[in-house]
Amino acid sequence: MAYLRAFGAYLPSRVVDNREIAAATGTDAEYILRASGIEQRRFAAPDESVRSLGIHAARNCLENAGLAARDIGLLLVSSSSAEHRFPGPASAIGAGLGVQGVPAIDLPIASAGSLFGMALAAHLSPVYGNVLVVASEVMSRVVKCHPAHRDTAVLFGDGAGACLVSSATGFAEIRDSLLASDGDFAAALRLDLDAPLYMDGRTIILQAARKIPRVIVELLERNRVKPWAVDAFLVHQANLNLITRVAQALAVPEDRFFRNIQRYGNTSSASLLIAAAEWSQQHPSPAAGPLIFAAFGAGLHWGALLATPQSFGPPL
Amino acid sequence: MTKQAKIIEIVEKLSGKPLAVGPDESLFESEVLDSFALTDMVGALEKEFSIRIPDSDLTPRKFDSIARIEAYIESRS
């Protein structure tokens, strides 16, 4: 069995509001808000990196878990904005935490990376014990603040999140997960070498609006849980309008979906864990009902994960 | 009602105004539909024409104009 033990997050201090990003990209601040729900985002300082943000989030998560870095058996790091083709940031984050020797695996699969990491951690924790999943992104350096790229530049922000998956104990048991990939649409959202991030927004929205609700429904149905019984939906924060569409498709109140995209923008793979960390802070008591985590992004990769509190009953 | 008339009715309902572009003009470039209205339109087309549009066909190009939508619906009928 595997349990969710704690979450953590780190956001750079510099706040970039819509007025500032609109001026830099030749667009309209009100349009950004209307099209995405984003009011502001954070940008990393010049001396910050995927590594440094990830280390901060990891330490915050370990502190929330009441564990030391030496208690980690495996480190999984998701990032789509790493500074090097290789090595990825996983081993550097491990070294920064002082856990040299602990296996550290990179998951360079963008927005769905942290969800994939959590699902893999659930399967691997019986072998490795405490698995720390870190997602760290400096998206401000892979988009271009230029009118020609304004549709993507206004959406993204920087930040990092972390999740501790334990084989021993936690506030919720990871019951099941469902992951999927489809390379037919790989070109629709990509970061080529020496080019800014490219996104065919219409294709991505079309695909996401269908795939996210469907994977959640499939996961819930096979675990005999109704969408209305889910306590909280913690999902990748890509676009507020998309989250609204997913809630409508599932016929659940929108306020069951935790949302913080207004303050941080789309932080790619970090967004799911930043949202989970903030949700966890705001809900210190154990969840009363099932939790759904879901993400969708470049690849295409998407999926969902179901966790239930210990009080929810025996395994289904 | 013809297929095209039904498609125009769906587009006008989603955009909230009478259609002011020709059948071959882009519904996106002319700002008749945005990304989310496109998503809603796909669902409305499935319902109206009793078809299932597979994920592999979910590309904006197939739904970029009234003529393209009509051709697609024809191909699925």
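1. In this predicted model, 48 residues of domain 1 of chain A are in contact with 44 residues of domain 2 of chain A. The side of domain 1 that touches domain 2 comprises, by class, 24 nonpolar, 17 polar and seven charged residues. The elements that give two or more residues to that side are the strands β1 (3-10), β3 (40-43), β6 (130-138) and β7 (158-166), together with the helices α5 (113-128) and α6 (150-153) of chain A.

2. The domain assignment of chain A places domain 1 at 3-166 and domain 2 at 172-312, and the centres of these two domains, taken over C-alpha atoms, are separated by 16 Å.

3. The largest nonpolar core has 125 residues, and those with the most contacts inside it are Cys61(A), Leu75(A), Val134(A), Cys163(A), Val165(A), Leu273(A) and Ala294(A). Helix α7 (residues 201-222) of chain A gives the most to this core, contributing 10 residues, while at least three residues are drawn from each of domain 1 (3-166) and domain 2 (172-312) of chain A. As background, nonpolar side chains in soluble globular proteins tend to be buried together.

4. Leaving out residues up to four places away in sequence, Cys61(A) touches Ala6(A), Phe7(A), Gly8(A), Leu132(A), Ala162(A), Cys163(A) and Leu164(A). Ala294(A), found in strand β12 (residues 291-297) of chain A, counts as buried because it has 25 C-beta neighbours inside 10 Å, the threshold being 20 or more.

5. Apart from its neighbours within four places in sequence, Ala294(A) is in contact with Leu115(A), Ile212(A), Val215(A), Ile216(A), Phe233(A), Val235(A), His236(A) and Ala304(A). Tyr128(A), by contrast, lies 166 residues from Ala294(A) in sequence and 24 Å from Ala294(A) in space, C-alpha to C-alpha.

6. The C-alpha trace of chain B spans about 25 × 25 × 20 Å along its principal axes.

7. Of the 77 residues of chain B, 21% count as buried. Among contacts in chain B between residues at least 6 apart in sequence, 52% join residues at least 24 apart.

8. Turning to the contact between the chains, 11 residues come from chain B and 11 residues from chain A. The side of chain B that touches chain A consists, by class, of six nonpolar, four polar and one charged residues.

Terms used: Residues numbered from 1 in each chain as written. Chains lettered and ligands numbered in written order. Predicted model: local features only at pLDDT ≥ 70, side-chain atom pairs only at ≥ 80, totals over all residues. Contact = placed C-beta atoms within 7 Å. Nonpolar A, V, L, I, M, F, W, Y, C, P; charged D, E, K, R; others polar. Helix = DSSP H or I, 4+ residues; strand = E, 2+ residues; numbered from the N terminus. Buried ≥ 20, exposed ≤ 12 C-beta atoms within 10 Å, placed from the backbone. Core = buried A, V, L, I, M, F, W, Y, C linked by C-beta atoms within 7 Å. Domains from an automatic or database assignment.
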